[in-house]
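Visitor: I'm new to reading protein models. Could you walk me through how to look at the places where chains meet?

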Amino acid sequence: MGEKMSRKPYVREVPKYSWFFRRPRYMRYMAREVTCIFIGAYTLLLLVGVMRLSQGQAEYEAFLAALRSPVSVVFHLLALGFSVYNTATWFNVTPKALPVQIGEEFLPGGVITGAHYLGWAVLSLAVLLMAGVF
Amino acid sequence: MAKSNKPIIWGTFAAGGTLSAFVTPVLILLTLLVALGHTPEMLAYARLHAFAAHWFGKLSLFAVISLSLWGAAHRLRITCYDFGIRADTLVATIVYLVAAFGSVAAIVYLSRI
Amino acid sequence: MSERVYQLEVLRYHPETDSEPHFQRYSVSCEEEWVVLDALNRIKETIDPTLSYRWSCHMAVCGSCGMMINGEPMLACKSFLRDYQGVIRVEPLAHFPIERDLVTVIDDFMDKFKRVKPYLIPKHEKPVSEGEYLQSPAQLKKFKQYTMCINCMLCYAACPEYGLIPKFLGPAAISMAHRYNQDSRDGGRDERQEEIATTEGVWECSFVGACSEVCPEHVDPASALQQVKIKSTVDWYKEHLMPWVKK
């Protein structure tokens, strides 16, 4: 053999800032991850609300009044969309993290996910009823 | 190699993620109604104050705020890394400090109600 | 049986002469019911004998022919030509160094696989005269799915966290550790935890779930990793907050 064998493995670097554009599943993952920005921001808003509540009626009502703005409506709509996406993605993978084996067989994942959706719907309705929305 | 201490944070992430999956959307819906000018009865000062004055109200508000913050903070840390921000220690310090500060603040405000 | 011409664009890398890989286009006549591996074999036999790639069983058992087909980690023997339109782009598995053409360097995976002790470590060694280690169907079912892994490494090529953090132990190794940890005959979990409950172990996983989507044997490594996280978290709280609880 004239040609000599030599090793020179070639490493293809993963693009640090743009890898998630490569596959749709990576984009879906990143969409799930960025929900935390909206959930975090909304939770901080709740914290401000609790602070205003502790300061007295006038302060709390000023807080409620401050919520009535187009920017606030847009923020709420975005946060609602992202938080519902978070809920769906969370429940959809719950059977992977918490499988339930009854006797020999595992409960189908759809049953576990379905139970979570049902619980979510009941809880949300209960909160809305308690809050006097209906 | 030593075992990781990540479980301490991951535990709050798992709990916070589950809790906010169940309650955050409906809470957003309530304050969205406020933003649209239809404040639900429950969010009137007297009603909400009475709710937060009860130990159960305090506990629920604290759990929702604190766990959601820790859950979001941990996920944000991972997200920053995924977006290519490699200063992980700095990012972790900032996001966890915000979550810790928010949790303490929630206790302080709730104790004043 | 009818033949037609397919266009394949294959990533070539010849370490003796190339400084970096490049694509080479082949037009090759194939039966319509063939898989990508058949097309590669036909290219090697009739057009270009220098093309290098790994394969063995041609029936999705050996796990040798994993490669990126149109950007997706696939077994070449399980990817039917009829499922693709236009030029089919074939590349070596992502996230592994390229040895030559479609052949990758897999030492990193082999090393990690060994580290998690992927074999039974019996709770109590007993002589053959004492009989078998018995296991009920329910106990078998608990881990059976994780035994289906064929070490094809598609999950590593799909996992963005492994791509970003090469030290990450990765999906197949951790789910194989979980397979033995879940086995009623096994007593080696503490030893495996030393590898998998570390920062470079399960904690680099952010549950993208890509590993489970590409797994040709439906092992669902992502489920194993989440269960390992939960168990490791319970361990941690027990060890640090309840030291009086015996493991």
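**Where the chains meet**

Guide: Let's start with chain B and chain A: about 4700 Å² is buried between them, and carbon and sulfur atoms give 76% of that. Buried area is the accessible area (1.4 Å probe) that two parts lose on being put together, summed over both. On chain B's side, Phe22(B), Tyr45(B) and Arg75(B) supply 16% of the area buried against chain A, more than any other three residues.

Visitor: Before we go on, what sort of model is this?

Guide: This is a predicted model, where local features need pLDDT of at least 70 and side-chain atom pairs count only at pLDDT 80 or more, while totals for chains, interfaces and linings use all residues. Residues are numbered from 1 along each chain as its sequence is written, chains are lettered from A and ligands numbered from 1 in the order in which they are written, and side-chain values use heavy atoms, with hydrogens and water left out.

Visitor: How many residues does the contact take from chain B and from chain A?

Guide: Contact means heavy atoms within 4.5 Å. By that rule, chain B gives 53 residues and chain A gives 54.

Visitor: How many salt bridges are counted between chain B and chain A?

Guide: A salt bridge is a side-chain nitrogen of Lys or Arg within 4 Å of a carboxyl oxygen of Asp or Glu. Between chain B and chain A the count is 1. Here the side chains of Arg75(B) and Glu33(A) meet, at 3.3 Å from N to O.

Visitor: Which element gives the most to the side of chain B that touches chain A?

Guide: Helices (H or I, at least four residues) and strands (E, at least two) are DSSP runs, numbered from the N terminus. The elements that give two or more residues to this side are α1 (7-35), α2 (45-53), α3 (55-82) and α4 (88-111) of chain B. Of these, α1(B) gives the most, with 20 residues.

Visitor: Where does α1(B) bend?

Guide: A bend is the angle between axes fitted to the seven residues ending at a residue and the seven starting there. For α1(B) the bend is about 40 degrees, at Ser20(B). Just after this helix, Gly37(B) takes a positive phi of about 90 degrees.

Visitor: Now chain C and chain A. How much area is buried between them?

Guide: The size of an interface is often given as the accessible area lost when the parts come together. For chain C and chain A that comes to about 3000 Å², with 50% from carbon and sulfur atoms. Glu16(C), Lys141(C) and Phe207(C) supply 17% of what chain C buries against chain A, more than any other three residues. In contact here are 46 residues of chain C and 28 residues of chain A. The rule finds 8 salt bridges across this interface, and Arg25(A) with Glu72(C) is one, at 2.6 Å from N to O.

Visitor: Is Glu161(C) buried or exposed?

Guide: Buried means under 20% relative accessible area, exposed over 50%, partly exposed in between (1.4 Å probe, protein chains only). Glu161(C) is buried, because its relative accessible area is 3%. You'll find this residue in helix α5 (residues 160-164) of chain C. Leaving aside neighbours within four places in sequence, its contacts include Tyr29(A), Asp82(B) and Ser206(C).

Visitor: How does its side chain meet Ser206(C)?

Guide: Through a polar contact between the two side chains, at 3.1 Å. That term means a pair of N or O atoms within 3.5 Å; within protein, one must be able to donate a hydrogen and the other to accept it, and residues adjacent in sequence count only if both atoms are side-chain atoms.
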